[in-house]
Amino acid sequence: MYKSGGCNCNAVRFRLLREPVFTHICHCKQCQRSSGGAFNVSTVVLVEDFEFDDCTPDTHHVSGPTGIEYEAWGCDNCGCTIGGKSVAPTELMVVRPGTLDDTTGIEPKAHIWTREKQDWVEIPEGMPAFEENYDPKQVWPQSSLDRLSED
Ligand SMILES: [Zn+2]
Ligand SMILES: [Zn+2]
């Protein structure tokens with residue numbers, strides 16, 4: 001196992017079996033609303049590397065900024081959002097890294113949807129930043145791309 005995590009009340013617990021593929025920050029308006037802040041930090045992991053412990057997460061259906069339908073998993077007791085994935089079949093999903101028990105080694109390497117970013121958020125110099133979404137092939141390290149199946 002790589003890391004464990006859970007919600008604030010520990011009713012929902014999960015395991016991340018291997019290292020994430022990538023971590024980015026999304027500044028889109030939907031992420032501002034869902035976080036209640038200025039952005040979401042999203043850690044992309046392989047679906048096969050993520051397992052819930054013996055618990056039943058709450059599932060919400062949400063639309064992303066480009067209209068893709070997602071299911072978001074969280075805790076119906078304390079209201080935390082753990083992560084989610086597109087409703088359509090996919091090999092990748094997202095974990096909110098703040099829910100990991102130990103966040104060591106988790107660091108955002110790109111910012112997306114800066115078009116909708118709050119003015120007071122400053123993106124570090126040299127950090128890849130995109131007005132909307134990015135093409136992972138241009139941003140993710142080759143070692144991460146190599147973990148995806150060819151399509
Ligand atoms: Zn909870
Ligand atoms: Zn977003």
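Colleague: Which residue is the bridge partner of Lys 3 in β2?

Modeller: Leu 16. Bear in mind this is a predicted model: local features need pLDDT of at least 70, side-chain atom pairs count only at pLDDT 80 or more, and totals for chains, interfaces and linings use all residues. Residues are numbered from 1 along each chain as its sequence is written.

Colleague: What is the strand order in the open sheet of three?

Modeller: β1-β2-β5, with antiparallel pairing. β1 (3–6) and β5 (50–52) each have a single partner strand, so one side of each lacks a neighbour in the sheet.

Colleague: New topic. How many residues are in the largest nonpolar core?

Modeller: It has 16 residues. Cys 7, Val 45, Phe 50, Ile 82 and Val 95 have the most contacts inside it. A core is a set of buried Ala, Val, Leu, Ile, Met, Phe, Trp, Tyr and Cys residues joined through C-beta atoms within 7 Å. Buried means 20 or more other C-beta atoms within 10 Å of the residue's own, placed from the backbone.

Colleague: Which strands each supply at least two residues of this core?

Modeller: β2, β4 (40–46) and β9 (92–95). The largest share, three residues, comes from β9.

Terms used:
Chains lettered and ligands numbered in written order. Pairing = 2+ DSSP bridges. Helix = DSSP H or I, 4+ residues; strand = E, 2+ residues; numbered from the N terminus. Buried ≥ 20, exposed ≤ 12 C-beta atoms within 10 Å, placed from the backbone.
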